Each structure stands twice: as structure tokens, then as C-alpha cells.
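User: I would like to learn how to read the features of a structural model. Please take me through them one at a time.

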Amino acid sequence: MTQTAPPLDRRHDLDWIRVCAFFLLILYHTGMFYVPWDWHVKSPRIVEGLIPFMLMTNPWRLTLLFLVSGAATRFMADRTTSGKLAAARVARLLPPLLFAMIVVVPPQSYYQVVEYVAAHPGTSLSVDNFWGRYITAQGHWCGVDGHCLITPTWNHMWFVAYLLFYTLVLALMLLVWRRAGEHVQAGAERVLTRWGLFVWPIAFLGLARALLIRFGETHALIGDHYVHAVSFSAFLLGFGLAKSEVLKQRMIAARWPALIMAAAAWAGWASYVWTYRHDAPIPTPHLVEAMRFVYATDTWCAIVAILGFGAKHLTRGGPVLRYLTAGVFPFYLVHQTIIVVLAHHLAKLRLPLGLEAAILVAATFAGCFVTYEVARRLPGVRILFGLKGQLATASRPPAFA
């Protein structure tokens, strides 16, 4: 029988988790400059030893953010109509998305082309009249491998585009299924109990990866089957569990076993990636399929552990949390461009690697805080950074839901 408990009206723990997750994202994208994986700009001093540390957050970071975003959407949806929810989300998310694609993201593409030209002498690519060619989709920046840079692009802002799309889909659902949140919550409470708290989500994530990862992760909205299967499911699950005291207590009770399982799965996944990081030797098909479920175990158990420890310890709100929660969107909007521009120019100074990385991280955080402080004081600019038109002083649901 499903347990019952009073619904939750506020989740400070989820607000803290969102803030911490986005701060981790800054560190992760800084790491992308140094690891051998493809990115917009690359350090001439690749550090393969960073790979296992990058894999500590890689499997679960964005899935967790979609789950938390779904939870925040539940608090908004329960206070308004589906039409007003959709209108509010469009008003909050679409202007920053368009602003980013037109103004914030182009420097990322610019330095991507600059570094490609430097690495391939004699190429016909150029950055002449870059912004005009970028915005009109007339760049024709294609590499020797046949892959082309298609512009305009949303790059890291794909998360915002997907979040807007998922919210609009949810609003349509709520038109015909007004009590969707209550029903999803009740279903989750029935299924995610005892061993089911681990088995069913891991099985779903593992099967999704096994069946859909061959389509890749494009972040192009259309045809991104694997990302939609995982991210939209996480968004809906977050929408369901947001007000469940039952699931909150189960996460708390399971936090230590989940942490141990996540650590073990991370060790297995990181060892696998490290062993085959140069595509040699070629792993056997059985090993590849097994690692799909190891990855899924890492994803879900890390999320359970984070939600459990957060619900146990991150229970207080206050002005610091309100300040950081409102700042998450401006931070997210500008952080990757700051990293790309600074990293490209810092690399030319040939500073000691540790000092270079420290400056890059510190300068990125500083740039994010400065951007937030400036944007929040300019009413005409606030909307472009996902902030409300007036300075907020009261405690209210987070803007970046």
C-alpha cells in the first residue's frame, strides 16, 4: 500500500543542489579544455589524467539537473493554469536563449574556427566578417573530415532549449491531465520502494543507453533520441517527486548504499574508459553492453545519493540561497563563453599548467558574478539573463526551473 504524507511546499535542498550542480558545471567545462575529448577550444597541453575526475560527474550531472528542473516546475504548475505556465516559461527562457545564440555564443564559434585554422595551415576557412556569416548561416566552416560548423547555434544553451520544449510538452499534458503531478508522484511512490528504488531506474537507464545511444547525443533537439529518453523522463520524475515526503525519506534512507554503489560504478566506468581511451584494444560487444548498465548504475545511484544527502543536510534557505538561485541562470548563460575566450588567450602565455587552470577557474567565477551583478541592476537587461523585471526580495520558487 502506498504510504501517505503531507505534501511538501518548498524544497530548499533542491535549490542548493541546483546551485552546486551548476557550479560543478563550470569546473567540468574548464576541464573540457584540458582533456583529449573534442571541444570548442583545446589546450596544447592535454592532461589525460583528468579523465577519471571528469567522469565523476559526467554520467549524472545533466540528468540530475533535468530532474531538479522538473521538480521546480511542479511547484509553479500547482499554483497556475497550464496556459499561464507555458506563457511564463516562454517569457523567462526564450529571450535569454535567443540573446545567447545571437550575442553570447558567437565568440565560442569564432575561437573554434580560429583554432582550427591555426591547426590546419593552408585551409580556406577564415573568420572574416564572422558575425555576419554566423548569424545568416553563411559561414561554410567545414573541416577536412567533412564535419561543418552550422550556425547560428546554441552550444551549451541546448539545456535551456530542451527545458523550454519539455515544459511546453508538460503544459499540453496538463491541459488534459490536470492532476498529472499527483498521479506521477503516486506511481513513483509505488514503484520506487525497497529494491525497486534502484532496480527499475537502473534498468530503464541501461536499456535506454543500450538501445538508443547508437543515435549519439546531438543536442540538436530533432533526432536526439537517447538524450530525450533520459532527460524528459528525469524531468517528469522530478515533476512527480517534488512534493513527495515519502520519496524524500526513502532517498535519505538509501543515501549511503547509493553512494557506495555510485562509487563502485564510477570506478568500473572510469577504468573502462581509461583502458579504451585510444580505441585500442577494441572492447568485446559483451563488455560494451555490460558497461551500458554500469554507466546507468553510476547515473542513478549518484542521483539518489545526492538527493538523499541534500534532503538530510541542505534544509535551510536564506538570503545566500536566494541570491545564488537567482544567479544560476546568468552564470549558466555566460560561463562557457568566458571559459572559451580566456582559455584561448591564457594558453598563449605558457604559464605553469596548475596556475593557468587556477586563473581560468577563478576568472570564470569572477566573470559570472560580475555579469550577474550588472545584469540584475538593469531592468531592460534582466530579461535577457533570465531574471525578473524587478529585483526580488521575497523567497519564491527559483527562476531557472
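User: Which hand does the link of Cys142 and Cys148 have?

Analyst: A disulfide is a covalent bond between the sulfur atoms of two cysteines. Here the link of Cys142 and Cys148 is right-handed, with 105° about the S-S bond. The S to S distance of Cys142 and Cys148 is 1.9 Å; a disulfide is taken as a pair of cysteine sulfur atoms within 2.5 Å. By this rule the count is one disulfide.

User: What should I know about the origin of the model and its pLDDT?

Analyst: The model is predicted: local features need pLDDT of at least 70 and side-chain atom pairs count only at pLDDT 80 or more, while totals for chains, interfaces and linings use all residues. Residues are numbered from 1 along each chain as its sequence is written, and side-chain values use heavy atoms, leaving out hydrogens and water. The pLDDT is the predictor's confidence in each residue, from 0 to 100. For the protein chain it averages 94, and 95% of the residues score at least 70. Over residues 392-400 pLDDT stays under 50, and the model has 27 contacts (heavy atoms within 4.5 Å) beyond four places in sequence for them.

User: How do helix α1 and helix α14 cross?

Analyst: Helices (H or I, at least four residues) are DSSP runs numbered from the N terminus, as are strands (E, at least two). Axes are lines fitted to C-alpha atoms, for helices over the stretch in contact, with angles from 0 to 180 degrees between N-to-C directions. The axes of α1 (residues 12-32) and α14 (residues 319-346) come within 10 Å and cross at roughly 20°. The two are therefore roughly parallel to each other, given that angles under 35 degrees count as roughly parallel, over 145 as roughly antiparallel, 65 to 115 as roughly perpendicular and the rest as oblique. Their crossing is left-handed, the near helix being turned anticlockwise from the far one by less than a right angle (clockwise would be right-handed). Among the contact residues are Trp16 and Phe23 of α1 and Phe331 and Tyr332 of α14.

User: Where do α3 and α7 stand by these rules, and which residues make the contact?

Analyst: The axes of α3 (residues 61-77) and α7 (residues 158-176) come within 11 Å and cross at roughly 40°, which makes α3 oblique to α7. The crossing is right-handed. The contact includes Leu65 and Phe66 of α3 and Tyr162 and Leu170 of α7.
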